[in-house]
Amino acid sequence: MENTPSPQVPYTALASPTEAVVEEKRSTFTALLFPVNNREQAMAELERIKSRYPDASHHCWSYLLGPADQPRSQAFNDDGEPSGTAGKPILHVLTQRGASDCLAIVVRTFGGVKLGAGGLVRAYGASVSQALDRAQWRQVTPTQNILIDVDFAHEERVRHCLEQRQIAVISADYAQSVTLSVDVPLDQRLELQAEVQHLTSGNFYWHPAL
């Protein structure tokens with residue numbers, strides 16, 4: 001499912017891969033978590049895990065891209081398990097635990113005893129929950145790439161302003177004026193724009209990079 005709103009405030013995301021194993025009636029459920037930023041990364045990890053566990057009964061998965069409470073994209077797949085017993089429970093745990101920018105793959109090796117729908121839901125959910133208990137997290141600050149065009153006389157002041165806010169200049173283009181390319185945290189855009197306006201007495205251009 002795709003959602004168009006972009007995150008506006010910092011959020012917590014998975015920092016590094018982790019895993020956990022749950023055994024239920026001789027079936028093993030290996031939950032593997034990976035930090036991902038897009039569907040292509042998620043699908044590449046899924047193919048790698050399928051190659052790593054070629055004899056597994058199922059490779060069920062779900063991912064959340066962006067903040068868990070308002071993801072820009074999410075998806076899940078039961079990979080042959082009864083509908084609603086694997087992918088959706090995995091997604092539910094990721095959402096409830098706030099696991100942003102996260103792919104969860106649960107590899108099931110069948111042990112010969114059927115678990116029933118309720119047993120499957122509990123086993124898939126429990127394995128992901130245990131993996132999340134071991135996870136490391138990082139803070140993500142959403143940004144927007146902005147081009148700031150100023151006179152040469154104002155460049156030093158603007159650069160100092162950016163340094164004070166710990167905003168790095170990605171590139172600088174020198175022509176008749178100076179165009180600074182910067183990634184501005186979304187929650188600082190209005191304040192920074194107002195400050196640059198003050199420093200340059202309004203003699204500047206500010207526009208998002210295309």
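Trainee: Which strands does helix H1 lie across?
Mentor: This is a predicted model. In it, H1, residues 39-52, lies across E2, E3, E4, E5 and E6. H1 runs at about 160° to E4, which spans 58-65.

Trainee: And in what order do the strands sit in the sheet?
Mentor: E2-E3-E6-E4-E5. The sheet is open, and its five strands pair in the antiparallel sense.

Trainee: Which ones are the edge strands?
Mentor: E2 (18-24) and E5 (73-77). Each pairs on one side only. On average, neighbouring strands of this sheet are turned by 15° against each other, direction ignored.

Trainee: How many bridges link E3 and E6?
Mentor: Eight, between residues 27-35 of E3 and 102-109 of E6.

Trainee: Switching to packing. How many residues are in the largest nonpolar core?
Mentor: It has 25. Leu33, Ile90, Leu94, Tyr124 and Val128 have the most contacts inside it. E3, E4, H2 (87-96), E6 and H3 (116-133) each supply at least two of its residues.

Trainee: Which element gives the most?
Mentor: H3, with six residues.

Trainee: What does Ile90 touch, sequence neighbours within four places aside?
Mentor: Ile90 is in contact with Cys60, Trp61, Ser62, Ala104, Val106, Tyr124 and Val128.

Trainee: Which residues does the second core include?
Mentor: Ile146, Val150, Cys161 and Leu192 are among them. That core is separate and has 15 residues.

Notes
Residues are numbered from 1 along each chain as its sequence is written. This is a predicted model: local features need pLDDT of at least 70, side-chain atom pairs count only at pLDDT 80 or more; totals for chains, interfaces and linings use all residues. Side-chain values use heavy atoms; hydrogens and water are left out. Two strands pair if DSSP finds at least two bridges between them. Helices (H or I, at least four residues) and strands (E, at least two) are DSSP runs, numbered from the N terminus. Axes are lines fitted to C-alpha atoms, for helices over the stretch in contact, and angles run from 0 to 180 degrees between N-to-C directions. Contact means heavy atoms within 4.5 Å. A nonpolar core is a set of buried Ala, Val, Leu, Ile, Met, Phe, Trp, Tyr and Cys residues joined through side-chain atoms within 4.5 Å. Buried means under 20% relative accessible area, exposed over 50%, partly exposed in between (1.4 Å probe, protein chains only).
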